[in-house]
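I'm jotting down what I look up as I go.

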Amino acid sequence: GESVGLHLPTLSVQEGDNSIINCAYSNSASDYFIWYKQESGKGPQFIIDIRSNMDKRQGQRVTVLLNKTVKHLSLQIAATQPGDSAVYFCAENISQSGAGSYQLTFGKGTKLSVIP
Amino acid sequence: KAGVTQTPRYLIKTRGQQVTLSCSPISGHRSVSWYQQTPGQGLQFLFEYFSETQRNKGNFPGRFSGRQFSNSRSEMNVSTLELGDSALYLCASTPTPGRDYGYTFGSGTRLTVV
């Protein structure tokens with residue numbers, strides 16, 4: 001089964017409000033997580049990452065929180081703008097073969113719609 | 001700095017045919033991974049190449065194959081196409097495999113099998 005999943009498939013927020021997108025993971029050995037944004041017709045775009053030795057990491061208008069106890073990630077977007085409308089994916093980067101090879105395991109994604 | 005380049009952007013093929021997709025990673029990136037994206041299954045890992053060697057392979061049939069050249073450019077091939085192979089195929093590059101770097105994705109190749 002899938003290791004990473006999302007709680008909400010769609011999220012609508014008013015422009016200027018804060019957005020919170022959640023993600024659950026099941027692999028307790030996962031130690032590196034990435035959030036991606038995918039706009040229509042484009043590939044996923046890196047937003048922010050976090051390692052398991054951190055609980056919180058901030059970027060420009062974005063914050064990622066990691067709760068290892070309940071295996072939960074969240075992406076917070078401050079002052080959401082129309083340009084933030086996209087599908088957001090969480091992914092964990094884990095070693096599969098143990099031979100120094102890694103792969104991203106993605107959640108299903110959450111579609112964020114910003115209401116002007 | 002040029003991003004990850006995938007060609008072609010769009011492709012229409014007939015069942016039973018084979019197809020080859022190309023990916024040029026960011027200059028200096030030596031690891032290339034391929035993903036398939038469909039509405040039903042989401043983003044799924046196909047394989048990863050580093051230094052011209054396939055390091056890891058996802059749960060896909062043998063019809064899906066790939067290779068990497070000495071300049072790090074990569075190709076993936078799908079033989080005997082099936083309708084279910086219709087998808088967006090994404091390539092991602094990173095300097096070296098591991099947890100120290102994020103992956104940069106290309107815009108993908110949209111494959112339609114009819």
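I'm working on a predicted model, where local features need pLDDT of at least 70, side-chain atom pairs count only at pLDDT 80 or more, and totals for chains, interfaces and linings use all residues. Residues are numbered from 1 along each chain as its sequence is written, chains are lettered from A and ligands numbered from 1 in the order written, and side-chain values use heavy atoms, with hydrogens and water left out.

**Entry: disulfides**

I looked up the disulfides (a pair of cysteine sulfur atoms within 2.5 Å) and found two over all chains. In chain B, C23(B) is joined to C91(B), with S to S at 1.7 Å. This pair links distant parts of the chain: C23(B) sits in strand β3 (residues 19–24) of chain B and C91(B) in strand β9 (residues 87–94) of chain B, 68 residues apart. Buried here means under 20% relative accessible area, with a 1.4 Å probe and protein chains only.

Over in chain A, C23(A) and C90(A) form a disulfide with their sulfur atoms 1.8 Å apart. The link of C23(A) and C90(A) has 60° about the S-S bond and is right-handed. It ties C23(A) in strand β3 (residues 19–25) of chain A to C90(A) in strand β9 of chain A, 67 residues apart. Why does C23(A) count as buried? Because its relative accessibility is 0%. C90(A) is buried too, with a relative accessible area of 0%.

**Entry: β9(B)**

Next I went through the strand that holds C91(B). I find eight of the eight residues of β9(B) buried, so I note the strand as mostly covered. A87(B), Y89(B), C91(B) and S93(B) point one way, while L88(B), L90(B), A92(B) and T94(B) point the other way.

Which strands does β9(B) pair with? I count a pair if DSSP finds at least two bridges between the strands. Strand β4 (residues 31–38) of chain B is joined to β9(B) by seven bridges, antiparallel, and S33(B) has A92(B) as its bridge partner there. Strand β11 (residues 109–113) of chain B runs antiparallel to β9(B) with three bridges, and L88(B) stands opposite R110(B). Strand β10 (residues 104–105) of chain B is also antiparallel to β9(B), with two bridges, and T104(B) faces S93(B).

**Entry: β10(A)**

Back to chain A. Why do I call strand β10 (residues 102–106) of chain A largely enclosed by the rest of the structure? Because five of its five residues are buried. Y102(A), L104(A) and F106(A) cover one side, Q103(A) and T105(A) the other. Strand β9 (residues 86–95) of chain A pairs with β10(A) in the antiparallel sense over five bridges, and I94(A) stands opposite Q103(A).

**Entry: V114(B)**

Leaving out residues up to four places away in sequence, V114(B) touches I12(B), K13(B), T14(B), R15(B) and L83(B), where contact means heavy atoms within 4.5 Å. V114(B) and L83(B) are 31 residues apart along the chain, and I noted 6.3 Å between their C-alpha atoms.

Note on methods:
Buried means under 20% relative accessible area, exposed over 50%, partly exposed in between (1.4 Å probe, protein chains only). Helices (H or I, at least four residues) and strands (E, at least two) are DSSP runs, numbered from the N terminus.
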